[in-house]
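Biologist: Please take a close look at one part of this model, namely the contacts made by its aromatic rings.

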Amino acid sequence: MYELKTLLPQFDITVPKCMYEMKNLNTAIVGEKTTNPKKVTEVSGDDAQTVVKRQEKVMHQLEELKKQLAGIRSTLGLCQKGSQTTSYISNDNGGLREEPLHDVVINGHPNFIPYALLAMKNAWKDLFTIDVKTFTHSTMNDIGKEAKAFEEALKNVKVNPNKPKVNVTLIWKNCEHTEMISSPTMYVPIYGEVNIIRYLGRVGPAEYRYENSPLCNDIDSVLDICYQLLRCNTPKARANIIRLLNNRLQKQQYFGGDKMSIADIGVHSSLRRMPAIADKDLTPALLEWRKRAAKVTLI
């Protein structure tokens, strides 16, 4: 065969003392083969037992660590969810595949309070539980009186522990947009209060899901109008949006037809977040609707 010239000379390699030194099993076995074959079995067997014992020790330590983490989660009041989940197809949710609800985190600025959380918690208290816990990020020195009053209102809403539940962590921080993190394993934010309403409306009680409703497109359009309303900077722009909302109430009591829907929650929260819009700016139809909606949302 063709013989290759050695390109690199032999070097003595000095192994750092900080590294774990392992026995060279192959060298031990080869050295014993020529002299004592029976000894080979004994040496390799002892080494295998050592590896097995080490593995058992590591597995035991991992199990103890798992118990410690479970204890910490229990102390902090975090959700104890297993790795197994179930899913099913629901005809009440537009044929969407439903997954068990994970805890969600909402980041919001105290100047843009997500009143929809309070509205939904009040409207759904006999159907579905939204358990909201609030925290203040280090970027906020003071959240203000209005945000503190909002926190107290959330605490005062009685919840039914026997109903389906989603845990919401609301963090006050210096952020530009209200955002919700719905995935516990990866940072996938949902921006905007309107889109948070859409998400919770799809996973909340069946009475407020609208995918199968003949007014599905109308409800989505109303939520889009809410998104535009929150970004109006001039009185003229706000007046145009109010006119659009008023036109949708000419032949129905609510924005979702003859009963309350998440579209009404979106409009009610948006108007509450707009101090520049007073009662004198609303039409008679919107004022009457606001009274009806306030009886349900309690805000």
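How many aromatic pairs does the structure hold?

Modeller: This is a predicted model, in which local features need pLDDT of at least 70 and side-chain atom pairs count only at pLDDT 80 or more, while totals for chains, interfaces and linings use all residues. Residues are numbered from 1 along each chain as its sequence is written, and side-chain values use heavy atoms, with hydrogens and water left out.

The structure holds five aromatic pairs, where rings of Phe, Tyr and Trp (its six-membered ring) pair if their centres lie within 6.5 Å, and planes under 30 degrees apart count as stacked, over 60 as edge-to-face and the rest as tilted. One of them joins Phe150 and Trp172 edge-to-face, at 6.2 Å centre to centre and with 70 degrees between the planes. Because Phe150 belongs to helix H4 (residues 145-156) and Trp172 to strand S5 (residues 165-172), this pair ties together parts that are 22 residues apart in sequence; helices (H or I, at least four residues) and strands (E, at least two) are DSSP runs, numbered from the N terminus. Phe150 is buried at a relative accessible area of 2%, and Trp172 is buried at 0%, where buried means under 20% relative accessible area, exposed over 50% and partly exposed in between (1.4 Å probe, protein chains only).

The pair of Phe255 and Trp289 is also edge-to-face, because the ring centres are 5.1 Å apart and the planes stand at 75 degrees. Phe255 lies in the loop between helix H7 (235-247) and helix H8 (262-272) and Trp289 in helix H9 (residues 284-297), so parts 34 residues apart in sequence are tied together. Both Phe255 and Trp289 are buried.
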